Amino acid sequence: MYKAKDLAKFVKTQLLPLLPDEYTAVHGNRTVLRMRGHFVQWIGIGTSRSGWIDTFPTLYVVGAHNTEIVMTGTARLYDPRDPRKWTFPKDISLDHSFASLIVERIETETPISFIQPLDDEAIIKALIWFNKNVKHWAVNWYIAFWYLCQGDPSALPYLNKLEKYFADVCGPKAKYPVRDWEKAHWARIKLLQARMSDSHCVMLCREEAEQHAAQLGLPKLVWPTEWATEMQPARQKGLLADIFGL
């Protein structure tokens with residue numbers, strides 16, 4: 001079974017050189033990532049208890065869950081019909097061929113390139129793909145907060161989806177006792193919905209993201225200059241509509 005130091009050496013000497021220069025190794029050199037604003041595209045390498053090697057091509061939006069102390073794998077880009085596609089034998093050699101296999105599979109099997117330059121359209125397409133195919137409620141947080149830090153009112157429908165979801169567990173018709181984490185989500189939904197009418201909305205959201213990035217041990221966030229710094233008026237068609245021709 002490979003140890004953590006073996007995986008770290010593999011990531012730094014074999015995987016990282018195959019990726020664009022904007023990638024950096026963090027978290028003991030077992031994760032490589034690049035960022036655009038508060039969006040993180042990362043690849044993690046780990047081992048299971050049985051020694052098999054797991055690969056995690058994953059998306060993350062810093063600040064969406066601003067109490068998390070680690071980046072979660074909620075938006076791990078795997079096919080739910082074949083999750084073991086990203087698991088490799090424990091006796092595989094940690095060499096250039098294995099690193100090349102990981103990059104090739106990521107490029108052919110995920111909805112966003114880990115090699116091509118990151119742009120806003122590719123990011124939102126990937127988040128929407130995940131939301132549609134895996135149907136995890138938490139990705140609505142990612143999409144909403146992705147938009148909020150750009151001053152895009154397209155965030156509101158996703159906050160409303162979260163409100164509807166949590167109303168069943170936190171609202172007056174809840175069938176079971178409300179847990180603390182559910183209360184926290186409910187309160188944050190209400191906070192961000194109200195914040196959208198605040199002239200300082202974007203600034204406050206970005207401050208939260210920057211603080212969260214520091215807590216996660218990530219590089220300092222750099223905000224794209226083309227992003228709005230104030231909440232923009234609602235449009236009939238948002239970026240999602242533009243992408244899919246709605």
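Of the 246 residues in the chain of this predicted model, 46% count as buried, where buried stands for a relative accessible area under 20%, exposed for one over 50% and partly exposed for what lies in between, with a 1.4 Å probe and protein chains only. The accessible surface of the chain amounts to about 12,800 Å², and 53% of that belongs to carbon and sulfur atoms; the areas come from the Shrake-Rupley method with a 1.4 Å probe, and for residues only the protein chains shown count as cover. Residues are numbered from 1 along each chain as its sequence is written, and side-chain values use heavy atoms, with hydrogens and water left out. Because the model is predicted, local features need pLDDT of at least 70 and side-chain atom pairs count only at pLDDT 80 or more, whereas totals for chains, interfaces and linings use all residues.

As for overall dimensions, a compact globule of 246 residues would have a radius of gyration near 18 Å, and the 19 Å of the chain agrees with this; the radius is taken over C-alpha atoms, and the globule rule is 2.2 Å times the number of residues to the power 0.38. Along the principal axes, the C-alpha atoms fill a box of roughly 55 × 45 × 35 Å. Among the contacts in the chain with a separation of 6 or more, 60% are accounted for by residues 24 or more positions apart, a contact being heavy atoms within 4.5 Å.

The chain has eight helices and six strands, which are DSSP runs numbered from the N terminus (H or I with at least four residues for helices, E with at least two for strands). Read from the N terminus on, the elements follow the order α-β-β-β-β-β-β-α-α-α-α-α-α-α.

Within the strand region, β3 (residues 39-47) pairs with β4 in the antiparallel sense over nine bridges, where pairing requires that DSSP finds at least two bridges between two strands. Eight of the nine residues of β3 are buried, so this strand is largely enclosed by the rest of the structure, and strand β4 (residues 53-61) is mostly covered, with eight of its nine residues buried. Strand β2 (residues 31-36) also pairs with β3, in the antiparallel sense and over six bridges.

Particular residues mark these pairings: leucine 33 stands opposite tryptophan 42 in β3, and tryptophan 42 has threonine 58 in β4 as its bridge partner. Threonine 58 in turn stands opposite arginine 76 in β5, and strand β5 (residues 75-76) pairs with β4 in the antiparallel sense over two bridges.

Turning to the hairpins, β2 and β3 have two residues between them, and glycine 37 in the turn has a positive phi of about 60°. The hairpin of β3 and β4 has five residues between the strands, with glycine 51 taking a positive phi near 100°.

Among the helices, α7 (residues 201-216) holds arginine 206, which is buried, with a relative accessible area of 10%. Neighbours within four places in sequence aside, arginine 206 is in contact with Cys149, Trp223, Trp227, Ala228 and Thr229. Its C-alpha atom and that of alanine 138, 68 residues apart along the chain, are separated by 19 Å.
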